[in-house]
Amino acid sequence: MIRFKNVQVGYTQVLLEVEDLALDSGRLYALIGRNGSGKSTLLKSVIGQLPLLGGHLDIGKHSIDQLIKDHVQRAREIAYVASMFNGIEALTLYQYVALGRSPYLGALGRLQPADQNKITEVIARLDLTRLASKPTPELSDGERQLGSLARAIVQDTPLMVLDEPASFLDYFNRELLLDQLQSWIQADSRRTAIFSSHDIDLCLEKQIPLLILSNKKLVFLEKASKEKVMELLRQS
Amino acid sequence: MKAAKNYLLISLISLIILASLHLLVFQRQDHMSSALLFWEFQVPRLLSAILAGAGLSLSGLLMQNIFQNPMAGPYVLGVNSGASLFIALVILGGGPILLSQLSLVSAAMLGAFLAAGLMFYISTKVSSLQSLLVIGLMFASFTGAIESVLQTLAAPEQVKQLFIWNMGSLQQLSAAQAPWLSTLVCVGILGSLLMVKALNALVIGEFQAKQLGIQVQWVRFFVLLLTALLAGSITAYCGPIAFVGLAVPNLARALLKTQDHLPLILFSVIVGALFLVVVDVLILLLDPWMSLPVNVLTAVLGAPYVAYLMLKRQ
């Protein structure tokens, strides 16, 4: 459960406020907002990279302030996927996914057999096994993005935050990514995921509950019509 | 992982063979056999080749990691220049008290650390690889110019001392100093090994490394400290040696095809040592005809490889 209480988000000025909102475990939420409305800024605050300007934010049983101080605990609570990963020379897909185990490893970064099993299993579940030993620059955008999802999954956190994870993907890869995200949530009722998106149609089609940034506020819509969503977005 | 083990084994065996060859060539050339000469000249020279090669390529690997730039290295980014400048200040401008060996080494390390910190600060402001390399080059020219100014003001004897130091030499390390440099390089290697997890995570960027539980600021400071320790102390004892720190870590990644820094650190250390031992064997073999400074040969062997890497990146 993610709980917002009078949360103020922004760098120096308050960009948006979330007065009282609780996001239940076991669900996938889509964050919708226009360009510059503060989607990324809000997500940065949720993952603890940007301190709140005010209010309280609880991630599970920890406050975000605690998690900002305790790096390792934060990495065990929150996984993050960016909209794009360009690939790194000599970094194979397997090694990239394996980085998700970092919060559980010693200083030498050696993977234990249990870590290796987990990585192999997640790679197989996302149908990436044949690409595992390929260097990441040689993969397609879609394959790399699934790799980022795999990395976040092996991180084994109750919360996953994704910042426009599908913006560089084609229609089929978008759907694949969303389906994989939904099945990750369904596998364990303690899990929550928030992703930002501009793809309102796909979110409505998949009946994903929406968090809409409208007029510097966050509006929660359990079931929405496209008209309602557009009306809220116009207000911002 | 298996391929990495094979490469490590092969490079380690080559290093042992070349190190033995180094001792043999040295002996044949100078017709020296007494135990005293062996311990006073041969061993320190071999040790300084091994330590300088290992330390410089390790500091190159570390810098390439935190700058997220495969073309970074202690020489191109001005860490050596910082050390050189401070050395020049000590040799040319310092009082007699400052001229003790320890102060030369600590001055070089301080200069290296300041230069590394400055370049890192600049790298957070400019993201492009080209700009950063040009700034490193300008920094080197700038420190070089200051050295020239100092030289015009100094006594001829001091200028000569600095000139010889600037050529780079593996013969300056005395038997008494060898344990110091060995300790510093070992500290550098052990310190790096303790950061393998953080270095691996930093490969995908600071933001992501933070999300993986790495205390990025602390790691960055520690890496700069180790780089300055390695590049600074080696530069102090052996002069500014170019290309080792840039070329060897790139070779390591290309051959091992990995971003796991445990094999990368070990391979860079061994192959860096191997590289300078080979260079010094060549210097010894060519000695009857011409006496080459280290820097000339590392450039002859290293520069084409680095140019090739740049071309391949296009």
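Trainee: Leu301(B): how exposed is that one?
Mentor: Leu301(B) has a relative accessible area of 37%, so it counts as partly exposed (buried is under 20%, exposed over 50%, partly exposed in between; 1.4 Å probe, protein chains only). This is a predicted model, where local features need pLDDT of at least 70 and side-chain atom pairs pLDDT 80 or more, while totals for chains, interfaces and linings use all residues. Residues count from 1 along each chain, chains are lettered from A and ligands numbered from 1 as written, and side-chain values use heavy atoms, without hydrogens or water.

Trainee: Which helix holds Leu301(B)?
Mentor: Leu301(B) sits in α13 of chain B (helices are DSSP H or I runs of at least four residues, numbered from the N terminus).

Trainee: And which residues form the nonpolar patch?
Mentor: Leu282(B), Leu285(B), Val296(B), Val300(B) and Leu301(B), with about 360 Å² of accessible area together (Shrake-Rupley, 1.4 Å probe). Patch residues have over 30% relative accessible area and no salt bridge, with nonpolar side chains joined within 5 Å; a salt bridge puts a Lys or Arg side-chain nitrogen within 4 Å of an Asp or Glu carboxyl oxygen.

Trainee: Which element gives the most?
Mentor: α13(B), with three residues.

Trainee: Switching to α12(B), how does α11(B) pack on it?
Mentor: At about 130°, axes 9 Å apart (lines fitted to C-alpha atoms over the stretch in contact, angles from 0 to 180 degrees between N-to-C directions).

Trainee: What about α2(B) and α12(B)?
Mentor: Their angle is about 140°, with axes 7 Å apart. That makes α2(B) oblique to α12(B).

Note on methods: Patches are made of residues with over 30% relative accessible area and no salt bridge: like charges are joined within 9 Å, nonpolar side chains (Val, Leu, Ile, Met, Phe, Trp, Tyr) within 5 Å. Helices (H or I, at least four residues) and strands (E, at least two) are DSSP runs, numbered from the N terminus. Angles under 35 degrees count as roughly parallel, over 145 as roughly antiparallel, 65 to 115 as roughly perpendicular and the rest as oblique.
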